[in-house]
Amino acid sequence: MTFDKIIDDGRLWAVRYDKDDDNVLQKVMSQWSDAHWLASFFMQNIEDLISYFKITNIEDAIYQTMEDRDDLACIIMDISPDANLDRFFRPLDNNRASEMILGKEKGRPNRKSWLRLYAIKLNVGIYIITGGAIKLTRTMQEREHTLQELEKMEKVRNFLIREGVFGEESFTDYQKEAAI
Amino acid sequence: MTQQEAINRLSRYQSTTQSVWKSDEEKRRTAKAQGWLLYSRKIAVKTALAMNRQGITKQELALRMGCSPQYVSKLLKGEINLSLDEICNLETALNISILQYQFA
């Protein structure tokens, strides 16, 4: 696993998994602009689309996804040096009140969107995108494709700990900072 | 660990080849600004739905159109500024109406 800088100052990264030609941000953005991939996805998940979003027309769902995808791309492309990424990424668990080491986070283009980018928070204002998904259900555990995103986050988190990118000393630093 | 230290540590694991993410987005942004992305996407969606309805793969459509599967992949992402000739070829390959519907 390697990492690609998404913005030049190094505050946003995306994982490039082994055997992949490019990073996960490129991969999901490409899928979300692919009409064929989206048509297949929504056909497979039509029941969730109807029951959670009351949308019965796959064509509408495809256009909505493409629109949200473009908004998301604009947000990322236009991140300014003084923009605070902590405002875009939020804790994955809505009930998580405290900071968590290598916390699992999510970002979306707007509150109504089913698009999600998933990330690990490396430090204050520094994030690593681990994947993305079209989330149509209330919880990620309900569907295989969102469950896989949880597994990817865990895998990246373990890599960062194992390789010492966020090692024991950082853990101690973090505890000291948290105590202040 | 400071922000810069965290960035420096992660940089040790940076990919050795360049990602195409930024250049792809810049191309898409240009296509959107020029106005044709809207139409190429509509054609892409119409094509994708017809392919699914008829059970046709990208490879099969490429064969019918006399082009490469990579070209079909780009077409389905709305990345190609199609000529009238190419749209007619696509209509014939899938037996669908794209232009006729718009000008009826």
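Modeller: A residue is called buried if 20 or more other C-beta atoms lie within 10 Å of its own (12 or fewer makes it exposed, anything in between partly exposed; C-beta atoms are placed from the backbone). By that count, 21% of the 104 residues in chain B are buried. Mind that this is a predicted model: local features need pLDDT of at least 70 and side-chain atom pairs pLDDT 80 or more, whereas totals for chains, interfaces and linings use all residues. Residues are numbered from 1 along each chain as its sequence is written, with chains lettered from A and ligands numbered from 1 in the order in which they are written.

Colleague: What makes two residues count as in contact, and how many of chain B touch chain A?

Modeller: Their C-beta atoms must lie within 7 Å. On that basis, 26 residues of chain B contact 34 of chain A. H3(B) gives the largest share of chain B's side, eight residues.

Colleague: Over in chain A, why are S1(A) and S3(A) called edge strands?

Modeller: Two strands pair if DSSP finds at least two bridges between them. The open sheet of six runs S1-S2-S6-S5-S4-S3, with mixed pairing. S1 (2-5) and S3 (90-91) of chain A each pair on one side only, and that is what puts them at the edges. S1(A) passes the pairing test with four bridges to S2 (12-16), in the antiparallel sense.

Colleague: Which residues touch the most other members of the largest nonpolar core?

Modeller: A core is a set of buried Ala, Val, Leu, Ile, Met, Phe, Trp, Tyr and Cys residues joined through C-beta atoms within 7 Å. The largest has 61 residues, and A:Ile62, A:Ile128 and A:Ile129 touch the most other members. H4(A), residues 58-77, gives the most to this core, seven residues. Leaving out residues up to four places away in sequence, A:Ile128 touches A:Phe3, A:Trp13 and A:Val156, among others.

Methods
Helix = DSSP H or I, 4+ residues; strand = E, 2+ residues; numbered from the N terminus.
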